[in-house]
Amino acid sequence: MGAKTGLLVYADGDVPGLLRHVGASDPERTSRMMRRLYPGCEIEEAWGAVLGEAVYPPAGTARAASWPGVEVICDRRLMIDFPSRLPGHLVAASAGRRLVLHAMHSVVDWLAFAVWEDGRLIRSLSLSPDSGIIENIGQPLPFELPYWAGDRPANAVARPGEEEEPYALPFHPLELGEDALRSLCGFVQEGRPEPGDVDADEVELHGFRVSDPHAPDLARREEALRKAVERMGPPRVCTMGPDGSLVERDAL
């Protein structure tokens with residue numbers, strides 16, 4: 001799976017239902033929303049993208065759109081380990097509305113999502129195989145129940161010639177992440193689209209460059225990311241053998 005998301009949605013009701021009927025968003029309305037939600041930041045217009053491609057924008061940029069009843073922001077800065085610690089002004093902006101946060105990163109099998117109703121957190125979950133359950137607040141939502149009940153077990157893939165080791169979690173976070181994305185926002189990244197899904201390739205978002213003068217220097221953050229990737233070691237590349245087993249081959 002290659003899904004990565006950093007997504008925040010404000011809505012006056014059911015998010016999927018609202019996103020199914022949006023048209024073109026007003027650039028000026030969207031710019032006002034961005035300046036309201038990013039106080040103190042320098043915001044410049046940049047290239048936009050459709051929602052299906054915008055959920056993981058380049059570092060230092062955001063993709064966003066504002067329509068009557070629903071607003072969408074895509075930004076890597078929303079990918080936080082503890083959703084309950086979302087900056088207070090972002091939560092306060094959801095007064096009288098529903099707020100949905102969805103974030104996942106396929107490189108580390110990490111998922112986080114949260115839902116607020118009228119500024120009150122009703123559910124937050126964050127987990128990965130390396131860190132375990134990072135945050136678990138509120139009762140599981142209906143789409144989660146098969147996972148916690150053991151009906152969607154993770155399938156560990158062993159290296160050729162090695163014994164299979166149990167996956168560190170009872171289910172795969174990215175599989176739950178796709179179900180969470182569909183249930184909360186109406187579309188998926190990696191799964192097969194279903195009738196009634198939001199067509200995320202038809203929802204246009206505007207682009208913005210966002211610079212926070214108080215944030216760590218971008219070059220330093222990119223260097224820290226590079227070092228983290230180096231510590232992960234070389235990638236594993238497998239192909240399907242004639243008998244259906246996975247055979248590891250040299251990465252290109």
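The model is predicted. It holds 3 aromatic pairs.

**Stop one: Phe113 and Phe143.** Select both residues and show their side chains. The two rings form a tilted pair, with centres 5.6 Å apart and 50° between the planes. Now colour by secondary structure. Phe113 belongs to strand β6 (residues 110–117). Phe143 sits in the loop between β8 (132–137) and α5 (145–148). The pair therefore ties together parts that are 30 residues apart in sequence. Phe113 is buried, at 0% relative accessible area. Phe143 also counts as buried, with 13% relative accessibility.

**Stop two: Tyr147 and Phe171.** Move on to this pair. Its geometry is edge-to-face: 5.5 Å centre to centre, with 70° between the planes. Tyr147 is in helix α5, while Phe171 is in the loop between α5 and α6 (173–185). The two residues are 24 apart, so the pair links distant parts of the chain.

Ring pairs join Tyr147, Trp148 and Phe171 into a cluster.

**Stop three: charges over rings.** Select Phe82 and Arg85. The charged end of Arg85 sits over the Phe82 ring, 3.9 Å from its centre. Then go to Lys4 and Tyr56. Lys4 lies over the face of Tyr56, at 6.0 Å from the ring centre.

Key:
Residues numbered from 1 in each chain as written. Predicted model: local features only at pLDDT ≥ 70, side-chain atom pairs only at ≥ 80, totals over all residues. Heavy atoms only, no water. Phe/Tyr/Trp six-rings, centres within 6.5 Å; stacked < 30°, edge-to-face > 60°. Helix = DSSP H or I, 4+ residues; strand = E, 2+ residues; numbered from the N terminus. Buried < 20%, exposed > 50% of the residue type's maximum accessible area, 1.4 Å probe, protein only. Lys NZ or Arg CZ within 6 Å of the ring centre and 35° of its normal.
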